[in-house]
Amino acid sequence: MDKVYYRNKSNEEINRISVRCLKVVLYFIVLFYFLIFIFGKYDPKVLLITAILCAIFNLLPCIIIPVFRMYSMKITRHIIIFSIVIVTGILVTQFNTLCFALVLFPILLASMYYNRTFVLYTSMLESAIMLVSAWFQINHPELVLRNTTFSSTEDIYIGMIFPLILIIVFFSFMAFFIVSRNSQMVEKYMDTAITMQENEKYLIYAFSEMSETKSLETGEHIKRVAEYMKVLGKASGFDDEYNEKVATAAMMHDIGKLMIPEEVLDKPGKLTDEEFSIMKSHVLYGEALLRNCPGEIMKLAAVMAKEHHERWDGTGYLGMKGGEIAYISRLIAVCDVFDALTADRSYKKGWSVDEAYEEIMKESGKHFDPAVVRMFIIYRDKFREIHDAIPDKTVRNQ
C-alpha cells in the first residue's frame with residue numbers, strides 16, 4: 001500500500017461524507033422553504049420554482065454518485081461542489097442577506113479534501129456565481145424576494161456582491177493556509193503509517209520463515225500462499241486494504257510449528273498416533289501465540305493459524321465444519337493444500353499443477369468449501385502463474 005492508495009481511499013471516504021452533507025442540506029432546503037411559504041409574504045409560484053431547482057441540483061449528486069459508484073472518481077468532488085455552489089447562488093439571489101452565511105458552506109466542504117488548489121477553484125467558482133446572481137437581480141427583479149432593498153445596480157454590487165466576494169476570498173485564503181498546514185501533517189502521518197505497516201509485514205515474514213525453515217520448508221511457501229490468498233480474496237470481493245491484510249496474515253498460518261519438536265516435525269515417514277496428536281497441536285499453539293497480539297492482521301492470523309487444517313465435512317483437526325469455519329480459513333485451506341501438493345520437499349517430489357488441480361476438485365464438499373473451489377477453478381491460471389513465478393529455492397536435506 002502506497003500513499004497514492006491511501007489518498008484515493010481518503011478522497012473516497014470524503015466523497016461519501018460530502019454526499020451525506022448534501023442530504024442534510026436537502027432537509028434544510030425543504031424546511032427553509034416550508035417556513036418561508038408559511039410565514040413569508042412572497043409569491044408562492046416563484047418560491048415553488050426555486051425550491052424545485054434547489055432540490056434538483058442538491059438531489060442529483062445524491063442519486064447519481066451512489067448509483068454509478070462514483071465515490072472513487074476524481075470528478076465526483078467537482079460535481080458535489082458545483083451542485084452546492086449553484087444551490088447557494090439560487091438562495092442568495094432570491095433571499096439576499098438572509099442567506100449570506102451559506103456562502104461559507106462550499107468552502108468548508110472543499111476544505112475537507114486537503115487540496116489547496118481545490119479550495120481556490122471553489123472560491124473562484126463561487127465568486128463567478130455571485131456575479132451571475134447580481135445579473136439576475138438586475139435583469140429579473142421579479143424573481144428576487146428581497147429582505148433588503150437596493151435602489152440601483154450600484155447598490156446591488158456595493159451592498160451585496162462586493163461584500164460577498166470579499167467574504168469568499170477572505171475565508172478561502174484562511175482555508176488555503178489551514179489546508180496547507182493540515183495536508184503537510186497528513187502526509188507526515190501517512191509516511192509514518194506506511195513505514196510501520198511495511199516494518200510489520202517484514203517482521204511477520206521473518207517470523208513466519210522461521211517456522212517454515214524448522215519444518216524443512218522454504219520461505220517461498222509462505223510467499224506463494226500469500227499470493228494465492230490475494231487471488232481468492234479479490235475474487236471474494238475483499239477491498240484492496242483488507243485483502244492485503246488477509247494475505248499478510250496468511251503468512252503466519254503455520255507459526256505454531258515453532259512449538260513442535262523437530263523429531264516429529266522432520267520425520268519423513270508416517271507419524272504414530274501420539275506423534276500425529278503432537279503435530280495437530282500446532283494449530284492451537286499458533287492461535288495461542290497470536291490471539292493476544294494487537295492489530296487486525298494478528299487477529300486474522302490467529303483465526304487462520306487455528307483453522308487452516310479444518311475440513312468442510314468436519315473431519316479436520318478440531319472437528320469444525322461448514323459455516324463454523326471462518327471464511328478466510330476456508331480460503332487458506334485451498335491455498336495451503338495446493339502449495340503443499342505442488343512444492344518439492346526433501347522427502348517428496350511435488351505434484352504437477354494439473355494433478356493438484358484434480359485433487360482439489362475431488363475434495364470439493366469434503367475437504368474444501370465448494371464455493372471456494374469454484375473460485376479456484378475460475379482462477380486456476382493465476383495459481384499456475386504464481387507457482388511458476390515463485391519457485392522453491394534449495395530444499396534443506398535431513
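## Aromatic pairs

F118 counts as buried, at 3% relative accessibility. In this predicted model, the ring of F118 pairs edge-to-face with that of Y113, with 5.4 Å centre to centre and 75 degrees between the planes. Y113 also counts as buried, at a relative accessibility of 5%. An edge-to-face arrangement is found again for F238 and Y242, whose centres are 5.0 Å apart and whose planes make an angle of 85 degrees. Within this pair, F238 is buried at 17% relative accessible area, whereas Y242 is partly exposed at 26%.

Across the whole structure, the search finds 19 aromatic pairs. Ring pairs also connect Y228, F338, Y357, F376 and F383 into a cluster.

## Charges over rings

Y357, one of the residues of that cluster, also has a charged neighbour: the charged end of R380 sits over the ring of Y357, 3.7 Å from the ring centre. The charged end of R16 is placed over the ring of Y71, at 4.1 Å from its centre.

## Salt bridges

The structure contains 17 salt bridges. One of them joins the side chains of K230 and E244, with an N to O distance of 3.7 Å. K230 counts as partly exposed, at 22% relative accessibility.

The closest N and O atoms of K245 and E296 are 2.8 Å apart. K245 counts as buried at 19% relative accessibility, because the limit for burial is under 20%; E296 is partly exposed, at 38%.

A further salt bridge is formed by D254 and K257, with 3.4 Å between the closest N and O atoms. Both partners are buried: D254 has a relative accessible area of 3%, and K257 has a relative accessibility of 10%. Elsewhere, salt bridges with shared partners join E227, K230 and E244 into one network.

One cavity of 30 Å³ or more is present in the structure. The largest cavity has a volume of about 50 Å³. Its lining is formed by E310, R311, W312, I325, R330, A333, H367, F368 and D369. By class, the lining of the largest cavity comprises four nonpolar, one polar and four charged residues.

Terms used. Residues numbered from 1 in each chain as written. Predicted model: local features only at pLDDT ≥ 70, side-chain atom pairs only at ≥ 80, totals over all residues. Heavy atoms only, no water. Phe/Tyr/Trp six-rings, centres within 6.5 Å; stacked < 30°, edge-to-face > 60°. Buried < 20%, exposed > 50% of the residue type's maximum accessible area, 1.4 Å probe, protein only. Lys NZ or Arg CZ within 6 Å of the ring centre and 35° of its normal. 1 Å grid on protein atoms, 1.4 Å probe; cavity = no way out; pocket = protein on both sides within 12 Å on 5 of 7 lines; lining within 4 Å. Points joined across faces, edges and corners; volume = space filled by probe spheres on them. Nonpolar A, V, L, I, M, F, W, Y, C, P; charged D, E, K, R; others polar. Salt bridge = Lys/Arg side-chain N within 4 Å of Asp/Glu carboxyl O.
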